[in-house]
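Me: I've got a chain open and want a quick tour. Can you walk me through it?

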Amino acid sequence: MALHGNEKKYDKNGDGRLNSRERWDWYFGTFGHDLEREERRQKQACEAAVQTWVQEALTVLCQCWDDALWSVQTVASNDAALSALVRKAMAYEMLSGLLAGGRWSWTVSGGTGETVARYAFMPVQQLLQAFLEQRSTPCTFDSVRQTVVGRNYVPFEQEGRLQEGGCGIFWQRLIDHLDTWDGETEPPDEVARLLQAMGDAYRLLSNGQQDTEPERLRRAFLTQWRLRSAERCRLLSELAGKPEAAAAEDAVRRWDFSKNPDACRTFLVASFPDAARSVPARELLELDADDFLCQTYTRDPELAVAMWRKLLDTAESHLCEEDPAQWLLEEALYPVWRGSEPMDAVLAALRSNDRFARQIFQSAFVGDPQEAILRACGSAGDAALKSRLEELLAHNPYVLTDPDPSPARAKELLQRGALQRGVDLCRVILLDAFPQPDAPAGASWEQLVRAKLDDDPSLGLAMWRTLLDVAEPCLASSRETAETLLPDYWIRWKWLRQNDAGHLQPFLDALQDERFARQVFQSASVSALQANLLRACHQLGRETQGAALLALLQLNPLPQSQWRVSLKDCEQGLREGLVSREVPRSAAAAEEAGAVYRYCTVQVPGVDRAYSYLTGDIPVEAGDWVEVPFGRRQEIRRGQVVTVQECDRASAPWPPEKTKRVLRLAAVPEPQPAERLRPVREAQRSDEGAEARRPDVPSDAGTRDRNRLGRLALLVGAGLLVLVLCLIWIWWGH
């Protein structure tokens, strides 16, 4: 066939015809520009369609994500952990949709002609990249790709799985924030919106593989809600069952939590089940009563105040004791007094109930609660309420406003067990009943009585019994008062070792008075004092009297778990007395015979901790002031002896060869000018009934290592300085 037009110039070999290669070159050279233009147009149209789909799908996906977050924040606004978990649950649902739809590699091709290479678009991958750029998710694009390509498992299954046979952590926590299931078939609106959002996200990414996903999620949620509600009801019934509730109420009324440490929480759950239903059951088991009250106050202040008043009414008889009063008034609602919660509900209750006002403003504890309430009255402009509360506080029978009380006022407070911090009420009473012109100005009542017990036991006992008679109404109920008035070091060890009848017999003679015997052996404090008195009965051959005293001790209403000595020790003391042990002279013999070492703990003013020292031959007793070597520099410091104990090497608080010794007895320091401060409980106080902490001991252990480290640091610093100077010299030379 003859060649026409521009075909001739494509006939490279001049044979008068075009082969396939030459014909392709002629076709592309003649019509290629039009084909390329059409190719670009089709590619642009395809790209625009893909971008339109990506933008529309991105809008839907972002809306689903935002709806899920909003739903959770509405249901549990205070649970930050749940807000983090919902992101993992949404990511789990989205990745499940990707795996179910298989659209990760779905492509849309642009450019269908023969002259231009094809262009492929992967809309789902573009959608995920755009979504991850706009929202904060717990996964990245690379982790999503590995999940989809590997198809091993779906991440975040532990958090986000929701099936009728079980659910993940997110759904468990979410259900715990809801009320107990009441048999209705529909979940709350916020949860319905969450389920719809997750179902829509799944359906979008799976290309409609399961249009029934929202319905499946709804059915699974209802099943889990019903099951967990039944479990919650079971746990609450265990907490608030009649036997447990009655025992808890009795423990709160007696303020004795030795057998049931969670009695306050159980009592509140049993009394206010509606408040308990608002807290996840498993979380409720881990909450203390004060945390339960504070969480309830955040949700419903009126309900929390009603719960607080229930506690105060039940434990009202213990508001005369500082420790229970502090917990009931300050710690039970601590965020309120710190200003983090409004106080309108508290003020409303105070306006309508005088008993509630007296419980707060005429208790044995005055501190932050009363100050915060008075400030709130001022802020609310309620001058009448503020004036009434200030008047109640001014006539508080348990708080001393005068730093120098009269003997009558001191007796009134001691009779109630209202011991005042910073004021020695017992000293005021003793100096009024037993004038002592030569009494040291800074001596406490214990030092006054102990000095008389040493010099004139009969007078010392009379002084002690005077205080016990005044405080008798609360000796059996107020542990703080009993422990204060019944020191465990009244009976000296040296009296027992030496069978010192001159000092021991007056105690035993006085204990023949039944009233005095009950005061000592049936008080709210059982310590070494009672055990040593029984040892004295054995030492002086008065076992019959000792048996009668032991019988009184066995009838003591104080639970034995709160005794500081066991009943077995008291019985053994009456049976064996004090077994004398002599200290061998040589160190080798001491190790063989089990040497006895006398330790004391000394509190140095200005130091938070007490330190252990050996007493040696110095007759140190609790309450004495001594001089001791202190710190690495062996500085001579003066401190007060807190405790004295005898122990062998195995039970010693510190190895004897590494323990410093007391240097000498010291004079009682002059008292500092008293400041008029409101009584406030110390920031830290050891729990009642807990073991005494092992005191820290100053020693020279570790000094050599610290010195070695100091020298090493100095050498390193000097080397670095020389290196820097050399570098400066080299640079300057160049």
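Predicted model: local features only at pLDDT ≥ 70, side-chain atom pairs only at ≥ 80, totals over all residues.

Me: Fine. How many helices and strands are in the protein chain?
Reply: The protein chain has 34 helices and nine strands.

Me: And what share of the 734 residues count as buried?
Reply: 44% of them.

Me: Among contacts between residues at least 6 apart, what share join residues at least 24 apart?
Reply: That share is 67%.

Me: Let's go inside. Which residues touch the most other members of the largest nonpolar core?
Reply: W464 and V520 do, in a core of 66 residues. A second, separate core has 54 residues, including A76, M94, L98 and V124.

Me: Back to V520. What is V520 in contact with, leaving aside neighbours within four places in sequence?
Reply: The list is W464, L468, L486, L511, S525, L529, Q530 and L533.

Me: New topic, holes. How many cavities of 30 Å³ or more turn up?
Reply: Two, in a search of the whole structure.

Me: Which residues line the second largest cavity?
Reply: Its lining is W65, A91, M94, L95, L128, F131, L132, T137, C139 and V144. Two elements give two or more residues to that lining: α2 (80-101) and α3 (123-134).

Me: Now the strands. Where does β8 pair?
Reply: Strand β5 (residues 597-603) runs antiparallel to β8 (residues 635-647), joined by seven bridges. V602 has V641 as its bridge partner in β8. Strand β7 (residues 625-630) also pairs with β8 in the antiparallel sense, over six bridges.

Me: What else does β7 pair with?
Reply: Strand β9 (residues 664-666), antiparallel, through three bridges. E627 stands opposite R664 in β9.

Me: Is β7 mostly covered or mostly open?
Reply: Mostly covered. Five of the six residues in β7 are buried.

Me: Switch to helices. Where is C426?
Reply: C426 is in helix α22 (residues 425-433).

Me: Why does C426 count as buried?
Reply: Because its relative accessibility is 3%, and buried means under 20%.

Me: What does C426 touch?
Reply: L414, W445, L467 and L485, not counting residues up to four places away in sequence. K411 is 15 residues from C426 in sequence, and their C-alpha atoms are 8.3 Å apart.

Me: How about V346, buried or exposed?
Reply: Buried, with a relative accessible area of 0%. V346 lies in helix α17 (residues 344-352).

Me: And which residues does V346 touch?
Reply: Y297, V305, W308, F356 and I373, again not counting residues up to four places away in sequence. From V346 to A357 is eleven residues in sequence and 10.0 Å in space, C-alpha to C-alpha.

Me: Why is W255 called buried?
Reply: Because its relative accessible area is 19%, and the cut-off is under 20%.

Me: And N499, what is its phi?
Reply: Near 50°, a positive value in a residue other than glycine. N499 is in the loop between α27 (493-497) and α28 (501-510). At 39% relative accessibility, N499 counts as partly exposed.

Conventions:
Residues numbered from 1 in each chain as written. Heavy atoms only, no water. Core = buried A, V, L, I, M, F, W, Y, C linked by side-chain atoms within 4.5 Å. Buried < 20%, exposed > 50% of the residue type's maximum accessible area, 1.4 Å probe, protein only. Contact = heavy atoms within 4.5 Å. 1 Å grid on protein atoms, 1.4 Å probe; cavity = no way out; pocket = protein on both sides within 12 Å on 5 of 7 lines; lining within 4 Å. Points joined across faces, edges and corners; volume = space filled by probe spheres on them. Helix = DSSP H or I, 4+ residues; strand = E, 2+ residues; numbered from the N terminus. Pairing = 2+ DSSP bridges.
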